[in-house]
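I opened the notebook to follow the sheet, the helices around it and the pocket, and to keep each definition beside the entry that needs it.

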Amino acid sequence: MSLPDRIDVVFCDVGGPIYPDDNFTSAVLAGLDDLQAERGLGPVDRAAFEQIYDDVRATQAGGLRRTLARELLGDESLRHDLHERTGRHWTHPAGSAYPDALELFRTLHGHVLLGIVANQEAATIEALQRDGFADYIDIWGISALVGHEKPSREFFEWALDQAGTDAAHAVHIGNRLDTDVRPAKALGMGTVWVTRGEAPPQPTADQLGEADLSVPDLTTVAAALLPHARTRG
């Protein structure tokens, strides 16, 4: 596996690469507790939550909210309610962005198009604007606004259409195999797997080999991509 010979656009997920996934898990826990309270029940068991979260991270398969609804709320159909309650609490506080994410966007800006492709709420745009990313983002692929969610093929195709290029000249950066690396790779895109957040704490050799580039953080990504970039003029 190798990165594209020519890169026109680089897409990036938000949770994991740009902001810690702790922002998301805190919101999911609050959403679970809201649903429990509405049924006259106490907060969900934190140890059980952590076990489910760790299992989903390790396997890189299965929707977290679907599994939590089934295992902790006793009804998988409540995943839709959990999605809505999570959105009420899901924010990215000021100062929580990874410094290496902003540096990556600054370094790549002017050499390739830069886009967001993420399952996020609309308020994420305000967070990215506040934290200095907006000047570098050309394509705003936020699921709540676009109407598609990863890992759907339609979401990635929408992003490629916005960029005016094809999959062979695009790279996607994400921290999940099931919703980032595998669907992007299936379309023929280059892939970068960032093994933090919802990535497994100890990825296997097979997992590490699925992406064109697997990295623990974003500090070396620009150096790997720039030799392939079609500098914008």
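The entries below go from the sheet to the helices, and then to the pocket and a loop residue.

**Ground rules.** I am working with a predicted model, in which local features need pLDDT of at least 70 and side-chain atom pairs count only at pLDDT 80 or more, while totals for chains, interfaces and linings use all residues. Residues are numbered from 1 along each chain as its sequence is written, and side-chain values use heavy atoms, with hydrogens and water left out.

Strands (E, at least two residues) and helices (H or I, at least four) are taken as DSSP runs numbered from the N terminus, and two strands count as paired if DSSP finds at least two bridges between them.

**Strand 1.** I then followed the pairing of strand 1, which is joined in the parallel sense to strand 2 over four bridges and to strand 4, again in parallel, over four bridges. Phe11 has Gly115 of strand 2 as its bridge partner, and Val9 stands opposite Ala170 in strand 4. Both faces of strand 1 are covered, with Val9 and Phe11 buried on one side and Val10 and Cys12 buried on the other. Here buried means under 20% relative accessible area, as against over 50% for exposed and partly exposed in between, with a 1.4 Å probe and protein chains only.

**Strands 4 and 5.** Four bridges join strand 4 (residues 170-174) in parallel to strand 5 (residues 190-194); I found Ile173 opposite Val192 and Gly174 opposite Trp193. I recorded that five of the five residues of strand 5 are buried, with Gly190, Val192 and Val194 pointing one way and Thr191 and Trp193 the other. Thr191 has a relative accessible area of 1%, and, neighbours within four places in sequence aside, its contacts (heavy atoms within 4.5 Å) include Leu3, His172, Val181, Ala184 and Leu213.

**Helix 9.** I checked burial here and found that eight of the 11 residues are buried, so helix 9 is largely enclosed by the rest of the structure. Among the buried residues are Leu177, Asp178, Thr179 and Asp180, and the buried set packs against helix 8, strand 4, strand 5 and helix 10. Just after helix 9, Gly188 takes a positive phi of about 100°.

**Helix 3.** Its buried residues are Leu64, Arg65, Thr67, Leu68, Ala69 and Leu72, and they pack against helix 1 (22-38), helix 2 (46-59) and helix 4. Gly74 follows helix 3 with a positive phi, near 75°.

**Largest pocket.** I read its volume as about 660 Å³. Of the 24 residues that line it, Gly63, Leu64, Arg65, Asn119 and Thr179 are the closest to its centre, and helix 3 (64-72), helix 4 (79-89) and helix 9 (177-187) each supply at least two lining residues. A pocket is an open set of points on a 1 Å grid over the protein atoms alone, with a 1.4 Å probe and protein on both sides within 12 Å along at least five of seven lines, and lining residues have an atom within 4 Å of a point; the volume is the space filled by probe spheres set on the points, which are joined across faces, edges and corners. The lining divides into four nonpolar, nine polar and 11 charged residues, where Asp, Glu, Lys and Arg count as charged, Ala, Val, Leu, Ile, Met, Phe, Trp, Tyr, Cys and Pro as nonpolar, and the others, Gly among them, as polar.

**Ala199.** I ended in the loop between strand 5 and helix 10 (205-208), where Ala199 lies; Ala199 counts as buried at 1% relative accessibility. Ala199 and Asn175 are 24 residues apart in sequence, yet 5.5 Å apart in space, C-alpha to C-alpha.
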